[in-house]
Amino acid sequence: MRARRAPAGAPYCWGQFLVPARGAAGSNEDTAAAAAREWTEETGVSAGPLRLVGVVENFFGPNEAREHEVGFYYRMDAPPQLPEASFALTDNPRVRAEWLPLDKIHIRPVYPRAACALLALPPGEVRHLVHRE
């Protein structure tokens, strides 16, 4: 997915980059259920079958205040109902997104960078990656 954040000058304006649908798990919600819910909340399209492809520990931020996040990454085939054109995320209309085939992901940076390594994994393979940005 290629996402374009809010106009320049707005908080968290990062320009254009590729990022998977993402969010946080709720209380008593497993990561697969959270991934499906977040997908549906962001796109307005029901999630299809999800396959866990990786767990990524991502360290980021300035040295004096490093952050550590743990992400569970799932892969899903693109549903046929995905819009052809750019669209606003349903849970954050300031963010525009569009779908990009996997063979075109090299045209923009992907964040977190470790997510790229998970895209080509064969079915049944799951990786644990530690990435320090």
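These legends accompany close-up views of a predicted model.

**View 1. Overall fold of the predicted model, with two helices and seven strands.** From the N terminus on, the order of elements is β-β-α-β-β-β-β-α-β. The protein has 133 residues, and 29% of them count as buried. Among contacts with a separation of 6 or more, 52% are between residues 24 or more positions apart. The accessible surface is about 8300 Å², and carbon and sulfur atoms account for 55% of that surface.

**View 2. Helix α1, residues 31-43.** The helix contains 13 residues. From the first C-alpha to the last, α1 reaches 18 Å, close to the 18 Å expected at 1.5 Å a residue. Its buried residues are A34, E38, W39, E42 and T43. These residues lie on the same side of α1, because they cover an arc of only 135 degrees around the axis. Strand β5 (87-89) is included in what covers the buried residues of α1.

**View 3. The two ends of α1.** Just after the helix comes G44, which has a positive phi of about 80 degrees.

**View 4. The largest nonpolar core, made up of nine residues.** Its members are V53, V56, Y73, V110, A114, A115, L118, L121 and L129. In soluble globular proteins, nonpolar side chains tend to be buried together. Within this core, A115 can be taken as one point of reference. Leaving aside neighbours within four places in sequence, A115 is in contact with Y73 and V110. Both Y73 and V110 are also members of the core.

Terms used:
Residues are numbered from 1 along each chain as its sequence is written. This is a predicted model: local features need pLDDT of at least 70, side-chain atom pairs count only at pLDDT 80 or more; totals for chains, interfaces and linings use all residues. Side-chain values use heavy atoms; hydrogens and water are left out. A nonpolar core is a set of buried Ala, Val, Leu, Ile, Met, Phe, Trp, Tyr and Cys residues joined through side-chain atoms within 4.5 Å. Buried means under 20% relative accessible area, exposed over 50%, partly exposed in between (1.4 Å probe, protein chains only). Contact means heavy atoms within 4.5 Å. Helices (H or I, at least four residues) and strands (E, at least two) are DSSP runs, numbered from the N terminus. The expected span of a helix is 1.5 Å times one less than its number of residues. The arc is that of the directions from the helix axis to the C-beta atoms. A polar contact is a pair of N or O atoms within 3.5 Å; within protein, one must be able to donate a hydrogen and the other to accept it, and residues adjacent in sequence count only if both atoms are side-chain atoms. Accessible areas come from the Shrake-Rupley method with a 1.4 Å probe; for residues, only the protein chains shown count as cover.
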